[in-house]
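User: Please go through this structure with me, and for each label you use, set the value against the cut-off behind it.

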Amino acid sequence: MSAADAQAMSPAHGLQEPRATDGAVPLIVDLDHTLCRTDTMHEALIEVVAADPAAMLRLPSWLSLGKKGFKEALAARRIVDPALLPYDEDVIALITAARAEGRRVALVSASDQRQVSAVADHLGLFDEAIGTGGDGLAENLTGQAKADYLVRRFGANGFDYIGDSAADLPVWAVARQAYGVRVAAATGKAAGAQGTSLLPVGEAQVPEWRALLRACRPHQWAKNILVLLPVLTAHDLAHMPAALLGMLCFSLTASAIYIVNDLVDLASDRQHPRKRFRPFAAGQASAKSGLMLSGALLVIAALAALIFLPGAFFWTLLVYLIATSAYSFSLKRKMMVDVLALAALYTLRIVAGSAATGIVLSPWLLVFSMFLFFALATIKRQAELEDMVSRGSERTAGRNMMVGDLPILQAMSIGAAQAAVLVFALYSQDPRVQINFGSPDLLLLICPVLFFWLGRMQMLTRRGHMTDDPIVFTFRDRVGLVCGVLMLAIFVLASR
């Protein structure tokens, strides 16, 4: 680096000043949903609550401080790691081109000054970074306040501005050139109505509603077929409508929890080779929209359960909600507790089927499900560890798992799977069970199919082919589907 270059380094951020160009118009860049595809304040709030749920009790006092005070209180507790944010490559390219032309580039955002400075320091693309609470500003730096600030600094039509939302309309109105990043149609029309000609930056991304639908993980609803199991084992199809509604309630609740789980896991998901493409981690859907959708799904599920199903089902659904929330915020980070919690959540679906229909569960079924679902839960964790081995990683981010745990999990899974088959064999010979079947001894034929299916799942996991929840994987696996159909056919024949 030359002496001239060294002298041009900014003391505030350690960033190199661009070469001076007479008459060069500075480029001003917004942060949230512009430079990065997410809202840093919302993510910081989620991280604070995830780390300390009791922080929710302090939110009213923070909100009473006003927008600027709220952002300061939040930033004092959490700054989103700028290295993990999903940045917009097209905006980065525009900034890089401006710097190559010798133009001054500034990051100006309504986010707290500490968050804005952290992003600027990380990227090394900005000559200055100004956020709410910075540069002696007394107001929240958004909308008209941002427009007034930039006019004071650079003059009307003295800067170009890259923004994304209706809040940027006053700024675009006083900019020399306005750039819009994935601007909504209504915002584009409003900009045109005020005489602003927006230059689009980048291509339109996947509509947010599609990203939110994907975040609901409808393919995972296959696991909730377990709610139907009491009806099937009791041969009581008259209760099938209630069981199907219970399955729907569980599916909606599960989707709500998946959304919350993804929001809590943003940091670790963004470091994962596959999970970083999830809608929230990739910035295809906002945290705000996700939380609103999650709340709506929970309300619909609760109302359906309260109005159409027995009270026992509603309380079972509530237990499921509490248990899955505890899993998302805490249990999944505790060694062995996470596996037991997963197995319990599988079994709870069967209990919910009993609560929705009033069918009394067989103790054999509960014991069988305990062993079977423990085996499947450990297979799920094995799959994650096998993936770590292939990536050369020693431990997971956000979970208490290490590669060295793999042999122990495999041994427990194999033992639980064999115990599940044994319990099913004993179940088939119980006199109280046999009176419900025309040919009860045929049930024993299910045992070798179970052995084959569970053993094959172990082999596929060991070879690195298990990329999803084991039950969901089975519905996508041709051999697994054949095993399922075969076991169901044997069950039906035994019933006659």
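Analyst: A place to begin is Arg182, which sits in the loop between β5 (177-181) and α9 (185-193); helices here are DSSP runs of H or I with at least four residues, strands are runs of E with at least two, and both are numbered from the N terminus. The model is predicted, so local features need pLDDT of at least 70 and side-chain atom pairs count only at pLDDT 80 or more, while totals for chains, interfaces and linings use all residues. Residues are numbered from 1 along each chain as its sequence is written, and side-chain values use heavy atoms, with hydrogens and water left out.

User: What makes Arg182 partly exposed?

Analyst: Its relative accessible area is 25%. Buried means under 20%, exposed means over 50%, and partly exposed is what lies in between, with a 1.4 Å probe and protein chains only; the 25% of Arg182 therefore falls in the middle class.

User: What is the phi of Arg182, and how does Asn157 stand on phi?

Analyst: Arg182 is not a glycine, yet has a positive phi of about 50 degrees. Asn157, likewise not a glycine, has a positive phi near 60 degrees. Most residues other than glycine have a negative phi. Asn157 is placed in the loop between α7 (143-154) and β4 (160-163), and its relative accessibility of 47% makes it partly exposed.

User: How do you know whether Leu65 is buried or exposed?

Analyst: The relative accessible area of Leu65 is 52%, and as this value is over 50%, Leu65 counts as exposed. Leu65 lies in the loop between α3 (59-63) and α4 (66-75). Leaving aside residues up to four places away in sequence, Leu65 touches Phe70 and Ala73, where a contact means heavy atoms within 4.5 Å. Phe70 and Ala73 are among the buried residues of α4, and what covers the buried residues of α4 includes α2 (40-51), α3, β2 (105-112), α6 (113-123) and β3 (128-132).

User: How many aromatic pairs are found in the whole structure, and which residues do ring pairs link into a cluster?

Analyst: The search finds 9 aromatic pairs, and ring pairs join Phe250, Phe313 and Tyr320 into a cluster.

User: Why is Phe437 called buried, and what does Phe437 touch?

Analyst: Phe437 has a relative accessible area of 7%, which is under 20%, so the residue is buried. Its place is the loop between α19 (431-434) and α20. Residues up to four places away in sequence set aside, Phe437 touches His235, Tyr427, Leu443, Phe491, Ala494 and Ser495.

User: How large is the largest nonpolar core, and which residues have the most contacts inside it?

Analyst: A nonpolar core is a set of buried Ala, Val, Leu, Ile, Met, Phe, Trp, Tyr and Cys residues joined through side-chain atoms within 4.5 Å. The largest has 51 residues, and those with the most contacts inside it are Phe373 and Leu376. The elements that give two or more residues to this core are α16 (337-357), α17 (363-391), α18, α20 (446-462), α21 (470-476) and α22 (478-495), and the largest share, 12 residues, comes from α17. Apart from residues up to four places away in sequence, Phe373 touches Leu226, Ala343, Tyr346, Thr347, Ile350 and Ile471.

User: What does the second, separate core include?

Analyst: That core of 39 residues includes Val231, Ala305, Phe313 and Ala355.

User: What share of the residues in the chain is buried?

Analyst: Of the 496 residues, 50% are buried.

How values were computed:
Phe/Tyr/Trp six-rings, centres within 6.5 Å; stacked < 30°, edge-to-face > 60°.
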